[in-house]
Amino acid sequence: MAGRFNARTAVARPGATGRNGRIGNMMAAAAVVSIIAIIIVLIAFATPVWLEADRNMVSNPVPPFNIPFDKMGLWQFCFRLYQIGDPFLRYSIICRWYFSSGWPPMMEFLAPSFFIATQVIYTIGFILCIVGMVLLIAVLVRGPNPGMLFALGALFMLAAIFICISFIIFAARVFDREWIFGWQSNYLSWSFALAVAGGILLWICGALFLIEGRRAAYANEQGGAVTVVHRPTAVVTSEPAVTKRETAYTVAEQPIPRKTHPEHRQTDRQGVIENTRTSK
């Protein structure tokens, strides 16, 4: 009696998760890039080195207190205090927050409209990054789905837009001759470079999350992430296998009887009779 069975294999479609429910390669790459981008954006947000004066030159004083400028960030402004009578022009650095109560007259000069716009727009982008980080943690803990992936991509894209607008405004107006004296010796420093790098990375991770969300949605539309593939059918039988055997045939040579004429036969018979009579 024979029976049949079908061999089936489950093949995982590419999506937000890989085999055995693990995070896929693109999802992992997007998560790593987003974490790096948020760290870079945070460093640029907190450090006071967006604009810096040349250390080999004596910077010009900043009104109204006539203190030489050293460097600045989004929330701090730093000045140089030169030692009187020092031939090597050595100096110490003093930094103050923009919202410090002891600097109200200088705040009117140090916070023009374009710089306040830079602070506000960059802060909005940074807040969107924090919200995206919280959502990313939820995705990694609970598992991804198309809606959450699309939301992550949209948040990081929006954060990238705000951050890019902020550093473009800052770069376009920071060398205004009427704002900081000695603008010829000032240059954009590493905190500004980090802000630019963070904005670019946010574009990349936002695009990766949107692509991953689209792939997950497509997998759901196709009826799940698993497809059954049919392989050729195998046959099982209890009957013994029949094999062909070659049979060897041997041809043996046999003597062919001689044909004699009837007259010869009669002559032979007479000779035999005569021989018999003679012997008697």
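Q: At what angle do the axes of helix α4 and helix α5 cross, and within what distance do they come?
A: In this predicted model, the axes of α4 (residues 146-173) and α5 (residues 190-221) cross at roughly 160° and come within 7 Å.

Q: Why are α4 and α5 called roughly antiparallel?
A: Angles over 145 degrees count as roughly antiparallel, and these axes cross at roughly 160°, so α4 and α5 are roughly antiparallel to each other. The crossing is left-handed, and the contact of α4 with α5 has 26 nonpolar, five polar and two charged residues.

Q: How do you know that the span of helix α3 agrees with its 30 residues?
A: At 1.5 Å a residue, α3 (residues 113-142) should span 44 Å, and its end C-alpha atoms are 44 Å apart, so the two agree. After α3 comes G143, with a positive phi near 100°.

Q: What makes C78 and C95 a disulfide?
A: The cut-off is a pair of cysteine sulfur atoms within 2.5 Å. The sulfurs of C78 and C95 are 2.0 Å apart, so they form a disulfide. The structure holds one disulfide. C78 sits in strand β6 and C95 in strand β7, 17 residues apart.

Note on methods. Residues numbered from 1 in each chain as written. Predicted model: local features only at pLDDT ≥ 70, side-chain atom pairs only at ≥ 80, totals over all residues. Heavy atoms only, no water. Axes fitted to C-alpha atoms, helices over the stretch in contact; angles between N-to-C directions. Helix = DSSP H or I, 4+ residues; strand = E, 2+ residues; numbered from the N terminus. Parallel < 35°, antiparallel > 145°, perpendicular 65-115°, else oblique. Left-handed = near helix turned anticlockwise from the far one by under 90°. Nonpolar A, V, L, I, M, F, W, Y, C, P; charged D, E, K, R; others polar. Expected span 1.5 Å × (residues − 1).
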